[in-house]
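Colleague: I am new to this structure. Can we go through the terms one by one, and test each against its rule?

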Amino acid sequence: MTLSVLSVASEAVPLVKTGGLADVAGALPAALAPHGVATTTLLPGYPAVLEKLGKAKEIHAWPSLLGEPARLLSGKLGAQPLLVLDAPGFYARTGGPYGDASGKDWADNWRRFAALGRAAADIAGGAVKRQAFDLVHAHDWQAAMACAYMRYAPFKGRRVPSVMTIHNMAFQGYYPAAIFPGLELPQEAWAIDGVESYGGVGFLKAGMQSAQAVTTVSPTYALEVRSAEFGMGLEGLVEAKGDRVRGILNGIDSAEWNPAHDPHIAAAYTARTLARRTANKRALETEMGLDSDDGPLFVVISRLTWQKGMDVLPEVLDHLVGNGARLALIGSGDSAIESALHAAAARQPGRIGVRIGYDEALSHRMQAGGDAILVPSRFEPCGLTQLYALAYGCVPVVSRTGGLADTVIDANPAALNAGVATGVQMNGVNYHALAAAITRTVALYRDPATWRQLQLNGMKCDFSWRQSGKAYAELYASLVAETT
Ligand code: ADP
Ligand code: GLC
């Protein structure tokens with residue numbers, strides 16, 4: 001039996017990306033296909049999306065979707081079907097998906113993303129000819145209202161179940177109560193088990209309350225969000241949902257992230273031809289203005305935020321350099337962190353190379369040329385850069401949290417003895433933990449046989465979508481069976 005799923009997201013590669021959500025929403029449809037799931041993705045029609053979409057067919061129009069005219073265009077996301085919500089009043093703006101060029105959130109984000117949810121609920125209910133779905137899968141707070149509209153104000157057609165996936169509990173789409181009338185929901189939705197959250201409107205909360213299942217992107221994060229530290233106010237709800245909240249680890253797109261066939265890197269390689277990585281290291285040193293030597297080269301590819309532990313990183317860079325190591329970093333985010341990184345690079349010319357910005361191709365070259373990647377996150381629902389690193393023989397040095405804890409095997413004596421270690425884990429995110437992890441990593445690097453074993457163990461790991469695609473497909477099937 002084929003199940004038809006409508007996946008609703010605010011970003012998806014290759015059309016629009018600000019983080020890991022885009023990688024997941026872009027790759028999951030192809031991963032589900034072998035399991036009998038046909039996925040259509042619904043995205044907002046930002047200028048970048050419309051431009052890449054080219055000439056597309058209009059298949060539906062709303063005279064007013066939460067106050068703005070909108071139409072639905074059909075196209076392709078890679079080889080998979082795509083629906084684009086073209087509502088110029090909401091999405092035809094210069095800047096990013098969520099804010100202007102300076103990074104300031106759009107003031108009407110609640111309406112922009114409620115409209116996305118309203119459209120999804122209409123489509124799921126059968127408003128659009130020849131678009132019938134068995135289930136809706138909503139990703140993050142931006143898509144969460146789909147589940148609430150399906151529950152409280154469904155289009156008068158078919159009723160189907162929904163799944164809410166939390167990619168990051170820190171972003172909940174929380175707004176003042178005054179927006180409630182603008183959502184055009186019935187009054188009954190204003191309830192503790194509805195959209196109300198701490199006196200305001202919580203989009204993610206509404207999605208979690210309304211969906212038939214809630215998932216998050218790693219098993220450890222699914223446990224962590226039951227605590228106040230990680231649940232960010234929704235820990236009680238997670239606890240109450242019990243086994244309706246589960247963790248399904250993200251996979252990676254192994255066609256896109258494969259050092260044997262990566263058009264972005266200087267020299268292709270496999271586990272058998274690992275020595276060829278050196279050419280990528282030399283190329284990266286040149287590109288980043290670093291000294292060329294055989295000492296360890298750390299890389300960082302990250303949003304520069306507190307979540308990612310990036311506030312601690314600048315403090316530890318003199319220690320890193322003092323250990324004979326160098327660092328190449330690409331990232332953007334908090335301006336204070338950017339300045340501190342620039343200052344470290346100025347202090348340590350040839351040893352620290354910093355690139356502020358977003359560069360997908362450079363991120364591939366860093367994975368292929370770096371010896372180790374630093375991921376000192378305070379919390380990490382899944383994390384993808386450590387997974388790409390494993391595939392590229394770039395040893396991950398991570399904090400023991402969320403998906404990082406689930407995917408990296410620390411090079412402790414037991415794991416080294418058993419020959420299964422793939423990286424280095426640290427406990428806690430502070431100067432001492434990070435400095436100690438760097439010292440430990442450099443010592444491992446200086447033992448070539450052990451280092452090679454770490455790299456090869458990582459490259460052998462299978463973090464493709466194979467298993468997780470199956471897990472989502474099984475979840476969908478169980479919910480559909482339960483509903484019909
Ligand atoms: P998050 O989504 O929380 O930022 P993830 O590790 O899940 O973290 O995903 C981040 C994604 O964004 C990865 O694909 C990573 O390679 C990419 N990325 C992050 N920062 C940059 C950057 N400055 N340039 C290029 N790619 C980046
Ligand atoms: C979020 C999380 C990250 C996760 C990504 C994709 O951005 O911060 O840990 O990998 O979503 O699920």
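Modeller: Start with the sheet of 6 strands, an open one with the order β15-β14-β13-β16-β17-β18 and parallel pairing. Keep in mind that this is a predicted model.

Colleague: What makes β15 and β18 the edge strands?

Modeller: β15 (352-356) and β18 (424-426) each pair on one side only. On average, neighbouring strands here are turned by 15° against each other, direction ignored.

Colleague: How do you know that β17 and β18 are paired?

Modeller: Pairing needs at least two bridges. Strand β17 (residues 395-399) and β18 have 3 bridges, in the parallel sense. Therefore they count as a pair. Within it, S399 stands opposite M426 in β18.

Colleague: Which helices pack on this sheet?

Modeller: One is α10 (residues 277-287), which touches β13 (297-304), β14 (326-333) and β15. The direction of α10 makes about 60° with that of β13. Another is α17 (residues 431-445), touching β13, β16 (372-375), β17 and β18. The direction of α17 makes about 165° with that of β18.

Colleague: Now the sheet of 3 strands. What is its order?

Modeller: The order is β8-β10-β9, in an open sheet with antiparallel pairing. β8 (174-175) and β9 (196-197) each have a single partner strand, so one side of each lacks a neighbour in the sheet.

Colleague: Why do β8 and β10 count as a pair?

Modeller: The rule asks for at least two bridges. Y174 stands opposite G202 in β10. Helix α6 (residues 203-210) lies across β8, β9 and β10, at about 60° to β10.

Colleague: How is the protein divided into domains?

Modeller: Domain 1 takes 3-251 + 465-482, and domain 2 takes 271-460. Their C-alpha centres lie 33 Å apart. The contact takes 20 residues from domain 1 and 17 residues from domain 2.

Colleague: What do domain 1 and domain 2 bury between them?

Modeller: About 1300 Å², with 60% of it on carbon and sulfur atoms. K17, T220 and L249 supply 26% of the area that domain 1 buries against domain 2. That is more than any other three residues supply.

Colleague: Why is the contact of E360 and K17 called a salt bridge?

Modeller: The rule wants a side-chain nitrogen of Lys or Arg within 4 Å of a carboxyl oxygen of Asp or Glu. The side chains of E360 and K17 meet at 3.3 Å, N to O. That value is within the cut-off, so the name applies. Across the interface of domain 1 and domain 2 the rule finds 1 salt bridge. The count of residue pairs in polar contact between the domains is 8.

Colleague: How many salt bridges does the rule give for the protein?

Modeller: The count comes to 24. D86 lies in strand β5 (residues 80-86) and R71 in strand β4 (residues 68-77), so the pair ties together parts 15 residues apart in sequence.

Colleague: What is the form of the peptide bond from V13 to P14?

Modeller: The bond is cis, with omega near 5°. P14 is found in the loop between β1 (3-8) and α1.

Notes. Residues are numbered from 1 along each chain as its sequence is written. Chains are lettered from A and ligands numbered from 1 in the order in which they are written. This is a predicted model: local features need pLDDT of at least 70, side-chain atom pairs count only at pLDDT 80 or more; totals for chains, interfaces and linings use all residues. Side-chain values use heavy atoms; hydrogens and water are left out. Helices (H or I, at least four residues) and strands (E, at least two) are DSSP runs, numbered from the N terminus. Contact means heavy atoms within 4.5 Å. Axes are lines fitted to C-alpha atoms, for helices over the stretch in contact, and angles run from 0 to 180 degrees between N-to-C directions. Domain bounds come from an automatic or database domain assignment. Buried area is the accessible area (1.4 Å probe) that two parts lose on being put together, summed over both. A polar contact is a pair of N or O atoms within 3.5 Å; within protein, one must be able to donate a hydrogen and the other to accept it, and residues adjacent in sequence count only if both atoms are side-chain atoms.
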